[in-house]
Amino acid sequence: MSITLLSFIFEMQEVKAQGPPIFTDTPIMLGLEGRGIRTFGRYINKENVSIYLQPIAIPYNLTAKWQVGTIVPFAAVSPQGGDSRFGLADIKVFTKYQLVQKDGKGKTFRSLIKIAEAFPTGNTKKSPPIGADVYQTSIGLVNGYVTTLYGIYTEVAYNIVFDGRPDNLIYNIGLGVPLLPQNYPPKQINVFLEFTGNYLPDNKSNHLFIAPGIQWINGKRFLLETGIQLPLVEEVSEGVKTNFIYTLGTRILLF
């Protein structure tokens, strides 16, 4: 893989100014989003069940524009009045390819296509199930406009669910702002305000969350982040509504 010195310097400037969003995907594929590892704990509190997820995501850059990766999640499901279960959930593999890169002084616009495949590896033979028990294919477009003062990110993806189950449309948008002056090695605090949505065309139901978060970058190889998702619109049956989703995680650049 060959990366020009200018591109490398620009990527380091972006890392100092902006880390990737917490809930929305990013079109930046170097720094903390490439050749690294991401893991986070996500606690989902619903009216009738609590779910704890611990995914491990490993992206790898094949070239400066092409990335592949895998997400291996573990889940603990605790329904009210029932037994809890813990185990491997549905494994996902993904690939990203950069379509557009327009750089300016202290700013950049990036756009990429992302394809992901989820496999029904979670055990669903016992209750409560861990996994969806179905193959899922997601095709999406990720955009980002990043400057030294702020970053705007958008993500739209259509998720095809097989075995006769309803598909869904994912739509996310995020705004990130760095709070500290730029320096090297980078030490930065970023605050984010994101909106994460999921629309099911078959039954015309919508799920929209507001998601504030904060992120701490200490050097070019380590990032710590946390955020909470609160429902604004959730068209589901009574008893299964979401109270909140809390996330705490880290990203580490390995090499």
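**Reading strands and a side chain**

Reply: Strand β11 (residues 205-218) and strand β12 (residues 222-234) run antiparallel and are joined by nine bridges. This is a predicted model, where local features need pLDDT of at least 70 and side-chain atom pairs count only at pLDDT 80 or more, while totals for chains, interfaces and linings use all residues. Residues are numbered from 1 along each chain as its sequence is written, and side-chain values use heavy atoms, with hydrogens and water left out.

Me: What counts as a strand, and when do two strands pair?

Reply: Strands (E, at least two residues) are DSSP runs, numbered from the N terminus. Two of them pair if DSSP finds at least two bridges between them. Here, H207 has E234 in β12 as its bridge partner. The hairpin of β11 and β12 has three residues between the strands, and G219 there takes a positive phi near 85°.

Me: Which strand pairs with β12 over eight bridges?

Reply: Strand β13 (residues 242-253) does, in the antiparallel sense. E225 stands opposite G249 in β13.

Me: How many residues lie between β3 and β4 in their hairpin?

Reply: Five, and G81 in the turn has a positive phi of about 75°. Strand β3 (residues 66-79) pairs with strand β4 (residues 85-88) over four bridges, in the antiparallel sense. A76 stands opposite F86 in β4.

Me: Is Q67 buried or exposed?

Reply: Buried means under 20% relative accessible area, exposed over 50%, and partly exposed in between (1.4 Å probe, protein chains only). Q67, found in strand β3, counts as buried because its relative accessibility is 1%.
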